[in-house]
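This briefing goes through selected local features of one protein model. Please keep the sequence and the coordinates open while reading.

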Amino acid sequence: MPESIPETMRALVVDRLGAVDELRLADVAVPLRIADEVLVRVVAASVNPIDVKTRSGRGSSAAISSFPFIGGSDFSGVVAAVPYAQHPFPVGTPVFGMGRVPRVGGSFAEFVTVASTALAVKPATLSHVEAAAVPVAAQTAWGMVQLAGIGAGDRVLVHAGAGGVGHFAVQFAAIAGAHVVATASAANAGFLRELGAQETIDYASQRFEDVVSDIDVVIDLIGNVHDHTGTRSLEVLREGGRLVNAPTGSWPTMQADAAARGIRATGYNVPADGRVLAEIAALLESGAVTVHVDSEFDLEDGADAQRAVEGGHVRGKVVIRVAEEPTL
């Protein structure tokens, strides 16, 4: 039976781009569902670095068409309205996914609209807070591992291995049979070994190029925004090795620099693909893959959630709780 949809909702918005203090809680119109879109009542949404960059005027901010603007791509919630009666995600279905922000309003709100093809059923073993931490980070890591062609016996270096994308990349590479080396703080060494990393490198006390060599694949989640991590990564890759970089734009000369050393390099931008998310959901439900939530904030404290991400050193993901967990 269709639920009653209110005309307005609470949302975390900005009226102009800038510092985190621009964020405010407001009552705005519930987004209009069109075509194949599903309306989801959001229970939780996670904060990604791209959310912080876009709010500050970088990232995807050029695509913002109007204000107030609602950020947030990741979400987990319950289907509130569907485009047709026999839709594969009926009203009431617990789902998770990612939206095309800022083309549409984001998930730091009580409702979000999303294409049907971007959704998957939420793993029953995860809370909505845990599930909200998955879509962007896990699908990014999945795509990077697939694009790099990581397989059994490969030596793989994952930079920022304890972060949102990194802690999934470590697990997916390990599942593929790779020997995984991860850079992180010393405090995260044990955490990464539990996820499947055979070696960890404390970036604060060691230069990774002094410790490893003959690497087949680098999953670069830093680029050259810090200590020329991307350029230094070329030194540890074997000739013919592969480098996949996620913070696109962080290393403008990447492909030319890599080609000069006989290395294949590419950036990566994650698509919202419900089929991939369903595969990841199965791994999460079986326990083969885990998600780590570093901290949780209420919607009204969303500015603090973004400050936590801006500050770095997050293990896994930061999540904003929008509503209480539904009871069956």
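The model is predicted, and every value given for it is computed.

**Helix H4**
- Helix H4 runs over residues 164–175, which makes 12 residues.
- From its first C-alpha to its last, H4 reaches 18 Å, close to the 16 Å expected at 1.5 Å a residue.
- Nine of the 12 residues of H4 are buried, so the helix is largely enclosed by the rest of the structure.
- The buried residues of H4 include the glycines Gly 164 and Gly 166, and also His 167 and Gln 171.
- Phe 168, Ala 169, Val 170, Phe 172 and Ala 173 are buried in H4 as well.
- Just after H4, Gly 177 has a positive phi of about 95°.

**Lys 122**
- Lys 122 sits in the loop that lies between strand S8 (119–121) and helix H2 (128–132).
- Lys 122 is buried but has no salt bridge.
- The nearest side chain of opposite charge to Lys 122 belongs to Glu 325, 5.8 Å away; a salt bridge would need the side-chain nitrogen within 4 Å of a carboxyl oxygen.
- A polar atom of the Lys 122 side chain lies 2.5 Å from the backbone oxygen of Leu 126.
- Not counting residues up to four places away in sequence, Lys 122 touches Ser 76, Pro 94, Val 95 and Phe 96, along with Ser 127, His 128 and Ala 131.

**Sheet S2-S1-S4**
- Three strands make up an open sheet with antiparallel pairing, in the order S2-S1-S4.
- Strand S2 (24–29) and strand S4 (69–70) are at the edges with a single partner strand each, so one side of each has no neighbour in the sheet.
- Strand S1 (residues 8–14) pairs with S2 over six bridges, in the antiparallel sense.
- Met 9 stands opposite Val 28, which is in S2.

**Val 212**
- Val 212 is placed in the loop between helix H6 (208–211) and strand S12 (215–220).
- The relative accessible area of Val 212 is 4%; the cut-off for buried is under 20%, so Val 212 counts as buried.
- Leaving aside neighbours within four places in sequence, Val 212 is in contact with Arg 155, Val 181, Glu 199, Ile 201 and Val 236.
- Val 212 and Ala 62 are 150 residues apart along the chain, and their C-alpha atoms are separated by 40 Å.

Technical notes. Residues numbered from 1 in each chain as written. Predicted model: local features only at pLDDT ≥ 70, side-chain atom pairs only at ≥ 80, totals over all residues. Heavy atoms only, no water. Helix = DSSP H or I, 4+ residues; strand = E, 2+ residues; numbered from the N terminus. Expected span 1.5 Å × (residues − 1). Buried < 20%, exposed > 50% of the residue type's maximum accessible area, 1.4 Å probe, protein only. Lys, Arg positive; Asp, Glu negative; His and termini not counted. Polar contact = N/O pair within 3.5 Å; in protein donor to acceptor, adjacent residues only side chain to side chain. Contact = heavy atoms within 4.5 Å. Pairing = 2+ DSSP bridges.
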